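Here's a quick tour of a model, heading by heading. Have your viewer ready.

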Amino acid sequence: SFSESAMSQLIHLREKQGADSLHIRMGVRSGGCSGMSYVMDFMEGKDITENDTVIDYQEGIKCVIDPKSLMFLYGLKLDYSDALIGGGFSFHNPNADSTCGCGKSFGV
């Protein structure tokens, strides 16, 4: 899910692009301080595969997750802060046994 501040930022980014919708690919990969790291990037709707899970949110925001990452992201909450230090998107994952101080990697 997305916090109110994360959703506001995503809507702002969509509007800045002048698009009707914004597709965000979220996933995990091996690496990072704690063993696994989060991946989040913009993508084109045409690049969605039949195996992807697509979650439609308000204002044309769509979250796309590949099958391998889905179990690691279940229950995840994406937040956003505009703080000068430590700002940006952050991930709050109830499945993580450990997290790194940077908030971008985790262990299970």
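Is R14 buried or exposed? R14 counts as buried because its relative accessible area is 10% (buried means under 20%, exposed over 50%, partly exposed in between, with a 1.4 Å probe and protein chains only). Keep in mind that this is a predicted model: local features need pLDDT of at least 70, side-chain atom pairs count only at pLDDT 80 or more, and totals for chains, interfaces and linings use all residues. Residues are numbered from 1 along each chain as its sequence is written, and side-chain values use heavy atoms, leaving out hydrogens and water.

R14 and E59 pair up through their side chains in a salt bridge, 3.4 Å from N to O (the cut-off is a Lys or Arg side-chain nitrogen within 4 Å of an Asp or Glu carboxyl oxygen). R14 sits in helix α1 and E59 in the loop between β3 (53–56) and β4, so the bridge ties together parts 45 residues apart in sequence (helices, H or I of at least four residues, and strands, E of at least two, are DSSP runs numbered from the N terminus). E59 is partly exposed, at 46% relative accessibility.

## Another bridge

R25 and D52 also form a salt bridge, with their closest N and O atoms 2.7 Å apart. D52 is buried at 11%, while R25 is partly exposed at 23%.

## H23

H23 is in strand β1 too, and is buried at 13% relative accessibility. Beyond four places in sequence, H23 has contacts (heavy atoms within 4.5 Å) that include D41, F42 and K62.
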